[in-house]
Every structure is written in C-alpha cells, then in structure tokens.
Amino acid sequence: MAATGRTSDRDDAQLTAGYAAYQRGDVVAALEIFERAADGAAPRLRSAALINAASMADELGEHRRSVVLFRTALAEMPDDAAHQRPAALVNLSQAFQHLGEFDAAQDVLEQARVLLADSTDQGLLRVACLLSLTAVALHRQQWARAGELAVESLGVTERFAPELAGHPLMNLAACSFETGRWELAIDFARQGVAAFAAAGEAASVAESQQNLATMLVRAGHFDEAEEPLLASQEFFEAGELGHWSGIGSKTMGFLAERRDDFATARAYYERALDRFDSTGAVVDAADVRLRLATVACAEGDLAAAEQLLDTSFAAYAAQGLGMHCAQLDYWHAELLHASIEQAAQPDPDLVARAVSLAVPAALAIDAVRHTLPNGNQREHWHRTVAEPAMRVAFRCAALAGNGQLVSDLIETQCAGTTLDTTAYSDVTAPTLEFQLFDPEPAEQITTPALQLGAALADVAAAAGIPVAPPPRLTDRGRIVLADFISHAEQRYGRPVRDSRVIAL
C-alpha cells in the first residue's frame with residue numbers, strides 16, 4: 001500500500017527499503033530510494049514510488065517539490081492503480097496546507113472523501129482524510145466545522161485505526177483550546193502525546209509535544225511548556241525537519257521575548273523565518289514576521305515593525321485568511337495606540353491610521369462569535385478576543401476626538417444577539433442533542449487513552465442555539481458605522497453584518 005509506511009506482497013524491494021528507511025527516521029534516504037524506484041518503473045510501481053517520494057519531500061519541507069511529485073503521480077496513474085488515488089490526494093492536501101493553499105487542499109480532500117465514501121477496505125485513509133479536513137478548518141479558524149470533523153474523525157478512528165488515536169485527540173485539543181476550554185484542551189493534548197508514545201510513533205510524539213507546548217505557552221503556563229518544547233525541538237533538529245524545527249524556534253523566541261530578552265528572541269525568530277521562507281511555508285513565515293514586529297516595536301523601531309506587519313498582511317490576504325488579517329490589524333492598531341500615548345504630542349495622521357485599522361478589525365472579530373455553535377464559546381470569544389479588540393477601537397476613536405464614532409461603537413455593542421430564524425425552517429421533530437450511555441456498545445475501544453478521549457469528546461461537543469450575524473443599525477436614516485462595515489467586509493473578505501436593518 002503506497003504512502004502509508006506499510007508494505008504489501010506486490011511492493012518492489014526498493015519500496016520496502018524506502019519504508020524501512022522512513023521507519024528508522026532517515027527521511028532523506030527514504031526520498032532518494034523512492035525516487036530511484038520510480039525511475040523507469042512499470043506504471044503501477046512508478047505511481048506508488050512517486051506518491052511516497054512526494055510524502056518524503058513534504059516531510060523534509062520541500063513542499064513545492066512534493067506538489068509536483070504528487071501531481072505527476074496522479075497524472076500518470078494507471079487504471080490498475082486506482083486504489084492509490086485517494087492516498088495521493090490526501091497526502092497532496094498536506095503539501096498544499098504547508099504552502100498555505102487551503103482552497104486547493106480542501107478541493108483534493110473533498111475528492112478523496114467521495115472516493116472513500118462508505119469504504120471499509122481503506123479505513124485508514126478515511127481517517128487521514130477526515131483529519132486533514134479538520135486541519136484545513138483549523139487553519140481557517142472555522143471552529144464549529146473543525147469541532148464537528150474532529151468528533152467524526154475520532155469515531156472513524158475508533159472503528160478503523162485505534163492506534164492512531166493521538167491524531168483526533170490533538171485536533172480535539174486544538175478545537176477546545178480555540179473555543180476557550182483550555183484545561184480540557186491541555187488534557188486532550190496530554191492524552192494525544194500518551195497515545196502516540198504507546199503506539200511507538202516517535203515523530204508524532206514530537207509533533208504533539210510541540211503542540212502541547214504551544215498551548216501551555218498561550219495559556220500562560222510558561223514553565224510547564226519548556227520540557228515538551230525542548231524534547232520536540234531535539235527530535236526535529238536531529239532529523240533536519242525544517243518546518244517543525246521552525247515552529248519550535250518561533251515558540252522559543254516567544255519565551256525569550258516575554259523575558260524581555262529581545263536579542264535572543266530575534267535570533268530565534270530569524271532562525272524560524274529562514275526555515276519557513278526556505279520551505280515555502282508562507283503563512284508560518286507571516287506569523288514569525290508579526291513576532292519580529294513586536295520585538296522591533298519594543299525596541300522603539302515603529303517603522304520596521306509596520307513594514308513587517310504589512311508584509312504579513314499581504315501574505316495572509318493572498319491566502320484568503322481574512323480573520324488573520326483582521327487580528328493583525330487589531331494588533332497593528334494596538335502598537336500604534338501605544339506609540340501615540342508615549343508621544344508628547346499625538347500625530348493626527350498616526351491617530352487616523354490607528355482608527356482606520358482598529359474599528360474595521362474590531363467589527364470583523366466581533367462578528368466571529370455569531371458563527372460559533374454555543375453560548376459558552378461565544379462568550380469566551382467575546383471576552384478574550386473581541387472585547388480587547390473593541391477596547392482598542394474605543395481608545396483610538398477617543399484619541400481622535402470623534403464623539404460620533406464612540407457613540408456608534410457603543411450602540412453596536414448594546415444591540416445584543418438575535419436568533420437565526422432561518423436555522424429553524426426545518427420542521428423535523430425536536431430531539432435531544434446528546435446520546436444516553438449505551439450499556440452494550442457494539443465495538444469496544446481497546447486503547448485507554450481513546451476511551452477517555454471519546455467520553456470527553458461527547459461532553460465537550462455541547463449543543464448550541466444558532467444566532468444570526470449582528471444587524472445593521474440606523475440612526476435617523478443613517479446606517480451606523482456604514483463606511484467601516486463596508487471597508488471591513490471588503491478588506492477581510494467576509495460578512496460582518498447581516499442584511500437586516502434595525503432602527504435605533
């Protein structure tokens with residue numbers, strides 16, 4: 001079977017040697033072996049070797065090369081190798097994700113999902129396909145969809161590949177963390193690390209340790225983060241895995257930055273940026289430039305900080321990541337606001353620029369909570385993300401002396417949340433949004449970590465009441481914040497207000 005790290009009776013000896021090299025951690029050798037196997041081979045064997053070579057190239061950070069190899073394999077794939085197509089599509093999506101090309105990634109994953117529908121002989125690929133679709137939703141910050149896919153993939157993993165429990169557990173951790181359930185998320189992540197360790201998957205252990213460290217850092221548990229971060233970084237550096245070591249360097253830079261050790265932080269960030277730029281990971285590179293901008297601003301170089309932020313914004317916008325753009329604008333406005341407050345005399349142009357960034361960003365960020373599936377998640381998003389962004393918008397409007405804008409922002413915050421009545425057009429009988437415990441499960445889960453993970457997933461997937469995007473408000477015939485709403489929707493490529501209009 002191609003691209004899974006497992007051999008079959010029909011596999012060539014060179015493929016077997018490639019699998020063995022990969023299993024012992026020598027990815028460079030595995031790539032060379034697979035490419036040699038593809039050269040001049042029969043069509044079925046050639047397509048299998050190309051798929052595996054592409055997977056190795058992607059793991060080494062050579063994402064563009066990986067895409068070319070996958071596309072070659074798909075274009076040349078003979079009819080008697082059709083069973084390889086879903087594997088190639090799923091793995092191709094990984095390379096697209098590393099390049100930040102999420103539309104392309106989702107497209108090939110949906111193709112694979114159709115091919116794998118109701119399949120029982122390719123259960124492992126069904127797991128991989130769902131995991132990748134979850135990853136795309138996570139990248140796009142579509143938390144509701146990501147949560148649904150994570151729970152679905154956990155169920156498919158229970159059925160087909162309980163030894164891969166760590167993957168859906170880590171996705172559940174990511175969804176839980178981003179919707180405010182930090183302790184649950186960290187618990188899921190620790191289960192994921194344990195599940196991978198039990199399965200003997202060293203690379204997955206390192207990756208999940210890195211993700212756990214990132215969550216601990218974001219939750220403020222800095223001391224706890226160092227152990228899993230250093231352990232994962234040692235693995236990635238030894239294996240010359242540029243993308244993952246770049247992520248580790250970025251996190252280590254952040255730890256140095258919070259200690260006000262800006263020279264060390266910059267060194268780590270620049271190392272990470274080199275890794276991401278060299279591998280074509282444009283979104284990760286944009287994230288690092290944002291961190292470099294904070295260092296530049298802390299050292300008093302606002303011009304350098306803004307140049308870095310502009311470069312990051314362009315990268316996010318090119319990939320269609322509107323919410324990344326909005327959050328960057330919010331952070332940019334906050335840096336400008338801090339600079340203005342430190343000045344003896346505020347610069348009117350700087351104030352106007354801060355307002356033009358802060359208000360549209362706050363409106364777009366606030367609108368996200370209306371896409372979340374339940375009240376707890378909406379409240380968390382409002383408290384930890386939207387409310388700080390709106391505070392910066394208020395402060396910038398006040399610095400500008402714009403009383404009407406301050407009043408308009410107050411009115412929008414007081415408008416409240418309305419139900420999405422279109423969500424109730426279905427006349428099916430109401431049902432409980434949870435299942436009672438089944439005393440006689442059809443199939444027992446054998447992995448202890450997966451048992452607990454499945455139980456927690458049922459609890460964490462809380463039911464929600466759909467709500468509508470906030471309406472547009474009118475004040476004596478004037479649409480409140482009309483220019484800022486239009487600018488936000490154009491700049492971030494997503495709606496921030498419903499078409500309904502309510503008079504104040």
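Let me begin with Phe-235, Phe-236 and Trp-244, which ring pairs link into a cluster; rings of Phe, Tyr and Trp (its six-membered ring) pair if their centres lie within 6.5 Å, and planes under 30 degrees apart count as stacked, over 60 as edge-to-face and the rest as tilted. Please keep in mind that this is a predicted model, in which local features need pLDDT of at least 70 and side-chain atom pairs count only at pLDDT 80 or more, while totals for chains, interfaces and linings use all residues. Residues are numbered from 1 along each chain as its sequence is written, and side-chain values use heavy atoms, with hydrogens and water left out.

A search of the whole structure finds five aromatic pairs. The ring centres of Phe-235 and Phe-236 are 5.7 Å apart with the planes at 80°, so this pair is edge-to-face. Phe-236 and Trp-244, in turn, form a stacked pair, 5.9 Å centre to centre with 20° between the planes. As for burial (buried means under 20% relative accessible area, exposed over 50%, partly exposed in between, with a 1.4 Å probe and protein chains only), Phe-236 counts as buried because its relative accessibility is 2%, and Trp-244 counts as buried at 18%, whereas Phe-235, at 31%, counts as partly exposed.

Turning to helix 2, residues 27-38, the buried residues are Val-27, Ala-29, Ala-30, Leu-31, Ile-33, Phe-34, Ala-37 and Ala-38. What covers these buried residues includes helix 1 (13-23), helix 3 (43-59) and helix 4 (63-76). After helix 2 comes Gly-40, with a positive phi near 75°.

How values were computed: Helices (H or I, at least four residues) and strands (E, at least two) are DSSP runs, numbered from the N terminus. The expected span of a helix is 1.5 Å times one less than its number of residues. Contact means heavy atoms within 4.5 Å.
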